Amino acid sequence: MRIFYHLFVMAFLFSITTMAQQRVALHHNGATTIFSSSQPFVDAYNASVSGDTLYLPGIELAIPPAINKRITIFGMGHYPDSTLATGVTSMPGLTLQAGAAGSHFEGIRFASSFAFSTSASIDSVVLCRNYISGNVTIVGTGGVNLSDGIVIKENVIAGNLNAQNTNNIQIFNNIILSISNIANNGWIANNILGRTNSGVNVFTNVNQSMIENNIIGWSSGISNCSNNLFIKNIFNNDPTDIANNIWQDTWINQNFNTVFENYQIAFTYEADYHLKLPDNFLGTTGNQVGIYGGLYPAKEGGVPANPHISSKNIGSTVDQQGKLNVQIKAVAQ
């Protein structure tokens, strides 16, 4: 029943999106309210309470000033090939404030950065299958109000992830430029890191963390990092002479033209980053290193976990009864 509900909401949002209307669905205690205005995301968010879910259409949306309640938000996705029928859900960057602990954001293209408040502990936030054009910043004040248990997985992050104000952060299966300021207990697994030849450090001030099954290259700079366990990572250089870290089963000086089937130094949607010989690079979990292995293998096309609309056929005119023929194919994830 839950799957059919999601399919209905997605199909409804899609059908009205194709008619150039902006609508957002708010799910609260089994009931759905549709918001239609010049800023439906803002109106739906203002009407929501902690624990509610918002479903966003594939359009560009205005945003509330900040997120200060526990909310789950699903967009339509950001990969062009998987949003042909729906459009891309896009918005400026968001800021989280006190009260947003436990929130989940998935399937959205953020045109700028994603930030956590500097004055509050905001635990257990999940960022999944988004594109973030700028940085992700979780910066606190002097180690006070640490945000615990944040999960960042299967995203494309064009900038830096600054995790200064975190404890037990989990960074899985992302394509990301760089990571900085993890004091302890970070878990960085199955990412593709670097993606530039501009000399940007991949890791800066990352300490006492587990770093496994990643593909790390192009810039590969590592600065002020210590007491980390690097295990089963691929590098296009040799960083293993950096002291005060543990290096195990490291593939060094790898030519990424022979590692990947198709890749670009700067991220593009055309490059899928599959490995040519995945069985030659098995990680700690027994499957391949990189974004298609580990505990959370990346979903092709970054398709959100909610039911996905894959095709549509909408009539151009109504029939004699005033009905418009709409045929939509949706796939449960």
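Modeller: Of the contacts in the protein with a separation of 6 or more, 40% are between residues 24 or more positions apart; contact means heavy atoms within 4.5 Å. The model is predicted: local features need pLDDT of at least 70, side-chain atom pairs count only at pLDDT 80 or more, and totals for chains, interfaces and linings use all residues. Residues are numbered from 1 along each chain as its sequence is written, and side-chain values use heavy atoms, with hydrogens and water left out.

Biologist: What does the protein average in pLDDT?

Modeller: The average is 86, and 82% of the residues score at least 70. pLDDT is the predictor's confidence in each residue, from 0 to 100.

Biologist: What is the order of the strands in the open sheet?

Modeller: The 12 strands follow the order β2-β1-β3-β4-β7-β10-β14-β17-β19-β22-β25-β27, with mixed pairing. Two strands pair if DSSP finds at least two bridges between them. At the edges stand β2 (31-36) and β27 (246-248); each has a single partner strand, so one side of each is left without a neighbour in the sheet.

Biologist: Which residue stands opposite Ile171?

Modeller: That is Ile188 in β19. The strands β17 (residues 170-172) and β19 (residues 187-189) pair in the parallel sense over 3 bridges.

Biologist: Which strands does helix α2 touch?

Modeller: Helix α2 (residues 40-47) packs on the sheet and touches β1 (23-28), β2, β3 (52-55) and β4 (71-74). Its direction makes about 15° with that of β1; axes are lines fitted to C-alpha atoms, for helices over the stretch in contact, and angles run from 0 to 180 degrees between N-to-C directions. Pro40, Phe41, Val42, Ala44 and Tyr45 of α2 are buried, meaning under 20% relative accessible area, with exposed over 50% and partly exposed in between (1.4 Å probe, protein chains only).

Biologist: Which residues have the most contacts inside the largest nonpolar core?

Modeller: They are Leu54, Phe105, Phe114, Ile179 and Phe203, in a core of 51 residues. A nonpolar core is a set of buried Ala, Val, Leu, Ile, Met, Phe, Trp, Tyr and Cys residues joined through side-chain atoms within 4.5 Å. Another core, of 21 residues, lies apart from it, and Phe260, Ala271, Leu275 and Ile291 are among its members.

Biologist: What is Phe203 in contact with?

Modeller: Leaving aside neighbours within four places in sequence, its contacts include Ile179, Ile188, Leu193 and Phe230.

Biologist: Why is β15 largely enclosed by the rest of the structure?

Modeller: The reason is that 6 of the 7 residues of β15 are buried. Strand β15 runs parallel to β18, joined by 5 bridges, and the bridge partner of Val156 in β18 is Ile175. Strand β11 (residues 131-132) also pairs with β15 in the parallel sense, over 2 bridges.

Methods
Helix = DSSP H or I, 4+ residues; strand = E, 2+ residues; numbered from the N terminus.
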